[in-house]
Each structure stands twice: as C-alpha cells, then as structure tokens.
Amino acid sequence: MRLTKNLLALIVLAIGALWSLQGIGVVGGSFMTGQSQWLYIGLVTMLVGLVGLVWANRSRV
C-alpha cells in the first residue's frame, strides 16, 4: 500500500511539474503553453504531490 501511495504522489508531482513547465513556455505543443495560469495550477499540483509523499512516508509510531 505504501508503494502505491508513493507512486500516486510521484505521478501527481510529475504532472504538476509538466504543467508548470508548459505554463512558462518551456514545453510546447499544447494549449497550455505560455499560459501563466498553468504555472500556478502546476505549482499547486506539485505541492499536493509533495504533501502526498510526506503523508505516504510518515512514520507510524
């Protein structure tokens, strides 16, 4: 179960990174390219992924 949570959090983190890069125009080929709102959406998504990683790896004392 821990592996599944980690994988899901990493996928969310990667999607957020992709959206952020598209938002600033580094990655092209999408309607999101160069749209600054996708930078912010991507940053929030990355934050959710990081929180998910912390949650998946917290110690169970």
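Predicted model: local features only at pLDDT ≥ 70, side-chain atom pairs only at ≥ 80, totals over all residues.
Residues are numbered from 1 along each chain as its sequence is written, and side-chain values use heavy atoms, without hydrogens or water.

Keep the C-alpha trace on screen. Along its principal axes it spans about 45 × 15 × 15 Å.

Switch to cartoon. The chain has two helices and zero strands (DSSP runs: helices H or I, at least four residues; strands E, at least two; numbered from the N terminus).

Select residues 2-23 for α1 and 36-57 for α2. They pack at about 165°, axes 7 Å apart (lines fitted to C-alpha atoms over the stretch in contact; angles run from 0 to 180 degrees between N-to-C directions). That makes α1 roughly antiparallel to α2 (over 145 degrees). Their contact holds 16 nonpolar, 10 polar and two charged residues. Nonpolar here covers Ala, Val, Leu, Ile, Met, Phe, Trp, Tyr, Cys and Pro; charged covers Asp, Glu, Lys and Arg; the others, Gly among them, are polar.

Colour by accessibility. Buried residues make up 25% of the 61 (under 20% relative accessible area, 1.4 Å probe, protein chains only; exposed is over 50%).

Finish on Ser59, in the segment after α2. Ser59 counts as exposed, at 60% relative accessibility. Draw a distance to Tyr40: the two C-alpha atoms are separated by 31 Å, 19 residues apart along the chain.

Conventions: Parallel < 35°, antiparallel > 145°, perpendicular 65-115°, else oblique.
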